[in-house]
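Subject: Structure for your review

Dear colleague,

Please find below the sequence and the structure that I am handing over to you. My notes on what was found follow directly after them.

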Amino acid sequence: MVKENLAVVEENIAAACRRVGRSRSDVTLIAVSKTKPVELIREAMDYGIRSFGENKVQEIQTKTELIKEPLDWHMIGHLQRNKVKYIIDKVKLIHSVDSLRLAEQISSEAVKRNLICDILIEVNIAEEESKFGVSKNDTEALIRSIAPLPGIRVKGLMTVAPIAKNQENNRKHFKDLYRLYIDIRSKNIDNVYMKELSMGMTGDYEAAIEEGATMVRVGTGVFGARNYNIES
Ligand SMILES: *Cc1c(COP(=O)(O)O)cnc(C)c1O
């Protein structure tokens, strides 16, 4: 099933790119494999997928033990400071940095290992009570405080948009985040590279691409529905 799903997602991504005159190579598909077993990840690898998204430290540790091939693992979930050390050398990009304290922890663990860790700043673009992420108004100040840290490179912004029945409902949020991204990029802050805009999930990745996403995080659309009762 994974390969058939991927064919559909790929077609949708290509069509969204075409509609707005973007190149397919401008958009990275991150297959969100949280809760899913290694066998399904291998099916996606057979199809050619190399970028996988996970939201739990323990799961990244387990899966990187089981799959030795070089892959790009993306940490997309809330990250506790005391767990940074377990994944810092395993992930390509941490999408979910929303505080200076977390960034400081990432930087110090990176410096210990002689690494520079690429991160995105998570923005709570719809200002939802229940969500992680910095507010739109505080984003630039947070980035300016993080930018000088020696073990970190700020690569862009990420958001988890509201759950929407219709992806058109999230288009305004994607437009907002894109505007913020362009605005911050225009300030040319040292050590800040506004190159990646991580937005769009199964329900709304096409609208996100039309509005400028460079990374979409698709779980259900690739691997099917998640069952949180079954441990993978
Ligand atoms: C689970 C998750 C996704 C993927 O969600 P789907 O709706 O299954 O595509 C994307 N981003 C984050 C941060 C997630 O936690």
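I begin with S96, which is found in strand β4 (residues 93–97); helices (H or I, at least four residues) and strands (E, at least two) are DSSP runs, numbered from the N terminus. Please note that this is a predicted model, in which local features need pLDDT of at least 70 and side-chain atom pairs count only at pLDDT 80 or more, whereas totals for chains, interfaces and linings use all residues. Residues are numbered from 1 along each chain as its sequence is written, and side-chain values use heavy atoms, with hydrogens and water left out.

S96 counts as buried because its relative accessibility is 1%; buried means under 20% relative accessible area, exposed over 50%, and partly exposed in between (1.4 Å probe, protein chains only). A polar atom of the S96 side chain lies 2.6 Å from the backbone oxygen of G77. A polar contact here is a pair of N or O atoms within 3.5 Å; within protein, one must be able to donate a hydrogen and the other to accept it, and residues adjacent in sequence count only if both atoms are side-chain atoms. Leaving aside neighbours within four places in sequence, S96 is in contact (heavy atoms within 4.5 Å) with M75, I76, G77, H78, L102, L120 and E122.

The ligand site

- K34 places a polar side-chain atom 2.6 Å from a ligand oxygen atom.
- T220 has a side-chain N or O atom 2.5 Å from an oxygen atom of the ligand.
- R226 has a side-chain N or O atom 2.8 Å from an oxygen atom of the ligand.

Taken alone, the ligand exposes 380 Å², and the protein buries 87% of that; accessible areas come from the Shrake-Rupley method with a 1.4 Å probe, and for residues only the protein chains shown count as cover.

Nonpolar cores

A nonpolar core is a set of buried Ala, Val, Leu, Ile, Met, Phe, Trp, Tyr and Cys residues joined through side-chain atoms within 4.5 Å. The largest one holds 66 residues, of which F52, I106, I119, I121, I146 and L157 touch the most other members. Helix α1 (residues 2–19) gives the most to this core, with 6 residues. Another core, of 5 residues, lies apart from it and includes L93, L120, M158 and M215. Not counting residues up to four places away in sequence, I106 touches L79, V84, I88, I94, V97, C117, I119 and I152.

Aromatic pairs

The whole structure contains 2 aromatic pairs. Rings of Phe, Tyr and Trp (its six-membered ring) pair if their centres lie within 6.5 Å; planes under 30 degrees apart count as stacked, over 60 as edge-to-face and the rest as tilted. F52 and W73 form a tilted pair, 5.8 Å centre to centre with 40° between the planes. Because F52 lies in strand β2 (residues 51–54) and W73 in strand β3 (residues 72–75), the pair ties together parts that are 21 residues apart in sequence. F52 is buried at 0% relative accessibility, and W73 is buried at 3%.

Y178 and Y181 form a tilted pair as well, 6.0 Å centre to centre with 40° between the planes. These tyrosines are 3 residues apart in helix α7, so about one helical turn separates them. Y178 is partly exposed at 34% relative accessibility, while Y181 is buried at 4%.

Loop residues

Y178 is also touched by G212, along with R22, L197 and M199, not counting residues up to four places away in sequence. G212 lies in the loop between α8 (205–210) and β8 (215–218) and is buried at 10% relative accessibility.

Which residues other than glycine have a positive phi? N188 has a phi near 45°, and N114 has one of about 60°. N188 lies in the loop between α7 (168–185) and β7 (192–198) and is exposed, with a relative accessible area of 63%. N114 lies in the loop between α5 (100–112) and β5 and is exposed at 74% relative accessibility.

With kind regards
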